[in-house]
Amino acid sequence: MPDVFPPDTVRCDACPVLCYIKRGHAGACDRYANVEGQLVRVDPHILLDRAKSQGTPLVPFLEREGDWDGKIMKGQETFVTAIGAGTTYPDYKPAPFIVSSEVEGVDMVTVVTEGIFSYCGVKLKIDTDRHLGPERNLVRAEGEPVGHVTTAEYGSQMLSLGGVHHLTGGSKSEGRVTCETLLDLCNGKEVELTIDDGASVRVAAGKPPVVNGQREERMRVGCGSATIGMFAKQWFGKVDDVVVVDDHITGVLSEHQAGKLLGVRATGIAIQGRRSTPGRYFQVAEPGTGWGGTNISDPLTILKPFKAKFAWPHLRLLMVSTTGEHFAYYELDEALRPVEKELPEALIESVGRIRENCEPALATVLFMGGAGGSLRAGVTENPVKLTDSVKRKLTRVTCGGAPAYIWPGGGITFMVDVTRMPENAFGYVPTPALVAPIEFTLKKEDYAVLGGHVDYVRPLGDVLKEKERQRQLTSHAQNPWPLKPHVESSES
Amino acid sequence: MREPALIRMLADGRRLHLHDGPIDLIIEASGDPQAISAAYEAVARRFVSILDELCSELPLLRARAQENSERPRGAVARRMFAAVEPYCEDCFITPMAAVAGSVAETILASMTAAAPLDRAYVNNGGDIAIHLAGHQSYKIGMVERPDRPSLFGALEITAADSVRGIATSGWRGRSFSLGIADAVTVLADCASAADAAATVIANAVDLPNHSGITRVPAREISPDSDLGDLRVTRGVEPLPQFEIDTALEKGLRVATLLQEKGLINSAALCLQKCVRILPTTPTPSTRSCRDGFLKCVVCTPDGFTGPSVPEIQAQLELLGRTNPHA
């Protein structure tokens, strides 16, 4: 028997094995774990508890026979997710759980099932200005094509991964690797992707992306030109010219429209690169990991000499990057050569503000799938009525309790932010296809109208009684409560 | 706050679910309805004391088994010791290596003693004791990674085979492994023998001192582990093909040796999507054995044609996983 334990070790007394469980580990049964020094029950079927305060995601398992009634009284505060519910696919049978509960005086029904999605994929947004690869080029995992580079968005590069053509349309290996990649991304695990003629990235949902081995910390506040526009007023009068160094568009205050409007005096500053419009320069240097996504370490290298015709001795010049991470302040000497000086008090705030306005760079994962054929049959005997009910917003669609955005038009094509779902909510089958939880919540009367399996509706209290296969989680702070009646629309 | 043992029928009305501490069993008996209920009643009576029996001798069961070791007394514990005894002079092994199979076997014995059954299985987290009478058979699906359950093979066991036990071991499973196999599935005459052999073969699938393998003293993860300071596998980087081959060959050599000694029937070894099969030897001495694995397993990384979804679910259920999640 062991004699010395780390301080957070707990001894589980749920059974005579009396396991010693270290912090972050589970006991021999895998049902009890040490979470933050507390003995906590962790079991497969997940219920979401609508906790008043958002604290730790795991709720200690305390239900004893004595306080069980209290739990049922608070029934409306619990939502049964489809995670671990199983599926009746491809049978024309009612979904595994059809749960009724009364919420604010309204009888609600939630149809809970896991869907097997062959038509599904991931939209991956990577917050970085780095060039990841040409649009339309293949994205690979373990050498297999799993998706492609799609249209870039402001400050972010976009990848579209998965889909039926990679899952089932290519080689077996392509399908398997695609399925694993989607599964890992959806479950929040890190995935390494390479882009043909482009970069290699390591991404995990909700974490900073790593591009070619380098972790992205912050998004830029905007391009160099946008930064001039945003901060021109704060600089006016405190400095004679500002150059915002950026790999895309380097901005110059004195030439920029924003500077002109304020009446900033021309300084005749000359910048390397290609001038686009006044005060906006492309390609001032090569892309790199220096100032503003360029390869510059000394910003003066992008300046041509100042000319006596425009510039003047003691001219004050600020050079700053689009993230505020790099900055330097210069004054011209009598020969109009820039001499670096300490950043004046008056400018410290504006540089700090650039930094404050840069949001953390993240990789974000939206799961996108189509709830088709027999999945709908688990909900109603007349599947098209479910589609119609979802379109009319009588039925709310959630994935593991997270709100789903329903794409307009035909079918039930939905998108969900995987970080708002409980951990490890996704599974897979070797078809290959992803298994994702999906819940349909609607008023009981509406459920009857659309031909729902009303004979299979069970009160929430009954479901909660099967507690030995349940896991209770605190609802995600940003998710609207899935059972709230009179839903206007799903969050979007 | 000791939780009482759970004994209940699953929603399908066919299978019995027993749970007590770390023991979790899915049981199904087929045959005459009266025989089934007699068998289930016998199981319920037998089950409630199993965990206490084991825990009363836990220090002994967690100690290395050696020829001169003190012999445990409990019925399950004796099966455990007997299952690991053939290995105890050649390697470090404790009776715990056979706990899952021994529990399954003991419970199955209580059922078959109570009533005549056509067929029955006791599935203890993938270590399965089976009973087959007449011309009955079972289809079994094999899972390589419990965190991503998909089948890497399937097989059929008939009453004519000598096989009555199936067990799987690997570093991704619930128990610790000293090797790097994702899964080693063993068929043997009984579940306890299969359990011990799967542990030993999975330990042998290894690349000692390989920098891509993360190993941690068992005690650091689980302070009261029977493996103490032995370093157990916690991570394996993707390996080049020649290293996968080397590790699998080492495991296969051990499996072959165990088969020659009559300890196992056949085995399937799985490491990073590569599979090696040790088929049943067609020796005339065994009772008209069929080539269990050889016939039924079709599995190369790209060659395995997956069964249909309902089939997979049926088979995963047989392995005690009623849904596709770990």
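Let's start with helix α4 of chain B, residues 75-84: seven of its 10 residues are buried, so it is mostly covered. Buried means 20 or more other C-beta atoms within 10 Å of the residue's own; exposed means 12 or fewer, partly exposed is in between, and the C-beta atoms are placed from the backbone. Helices here are DSSP runs of H or I with at least four residues, strands are runs of E with at least two, and both are numbered from the N terminus.

Some ground rules. This is a predicted model, where local features need pLDDT of at least 70, side-chain atom pairs count only at pLDDT 80 or more, and totals for chains, interfaces and linings use all residues. Residues are numbered from 1 along each chain as its sequence is written, while chains are lettered from A and ligands numbered from 1 in the order in which they are written.

Back to α4(B). Its buried residues are Val76(B), Ala77(B), Arg79(B), Met80(B), Phe81(B), Ala83(B) and Val84(B). They pack against α2 (50-56), α3 (58-61), α5 (99-114) and α6 of chain B. Packing rests on contacts: two residues touch if their C-beta atoms, placed from the backbone, lie within 7 Å.

Now chain B as a whole. It has 10 helices and 13 strands. Of its 326 residues, 52% count as buried. Take its contacts with a separation of 6 or more: 61% of them are between residues 24 or more positions apart.

Next, helix α8 of chain B, residues 241-260. How far should its 20 residues span at 1.5 Å a residue? The expected span is 1.5 Å times one less than the number of residues. That gives 28 Å, and the end C-alpha atoms are 28 Å apart, which agrees.

Which residues of α8(B) are buried? They are Ala247(B), Leu248(B), Gly251(B), Val254(B), Ala255(B), Leu258(B) and Gln259(B). Why one face? An α-helix has 3.6 residues a turn, so residues three or four places apart point the same way. On the other side of α8(B), Phe242(B), Glu249(B) and Glu260(B) are exposed. The cover over the buried residues includes β9 (183-188), α6 (191-204), β12 (266-271) and β13 (274-278) of chain B. After α8(B) comes Gly262(B), with a positive phi near 80 degrees.

On to the sheet in chain B. It is open, has nine strands with antiparallel pairing, and runs β1-β2-β3-β4-β5-β8-β9-β12-β13. Two strands pair if DSSP finds at least two bridges between them. At the edges stand β1 (6-9) and β13 of chain B; each has a single partner strand, so one side of each is left without a neighbour in the sheet. One pair to look at is β4 (residues 119-124) with β5 (residues 127-132), antiparallel over six bridges. There, Asn123(B) has Ile128(B) in β5(B) as its bridge partner. Helix α5(B) packs on this sheet, touching β3 (23-30), β4, β5 and β8 (165-169) of chain B.

Now chain A. Its strand β17 covers residues 241-245. Five of those five residues are buried, so the strand is largely enclosed by the rest of the structure. Asp241(A), Val243(A) and Val245(A) point one way, and Val242(A) and Val244(A) the other. In a regular strand the side chains alternate between the two faces of the sheet. Who are the partners of β17(A)? Strand β21 (residues 316-321) of chain A runs parallel to β17(A), joined by five bridges. Val244(A) has Val320(A) in β21(A) as its bridge partner. Strand β18 (residues 250-252) of chain A pairs with β17(A) in the antiparallel sense over two bridges. A hairpin of four residues joins β17(A) to β18(A).

Last, confidence. pLDDT is the predictor's confidence in each residue, from 0 to 100. Chain A has a mean of 83, and 87% of its residues reach 70 or more. Where is confidence lowest in chain A? In helix α1 (residues 68-73), at a mean of 28; it is highest in β10(A), at 98. Over residues 51-76 of chain A, pLDDT stays under 50. Where pLDDT is low, the predicted coordinates should not be read in detail.

Methods: Axes fitted to C-alpha atoms, helices over the stretch in contact; angles between N-to-C directions.
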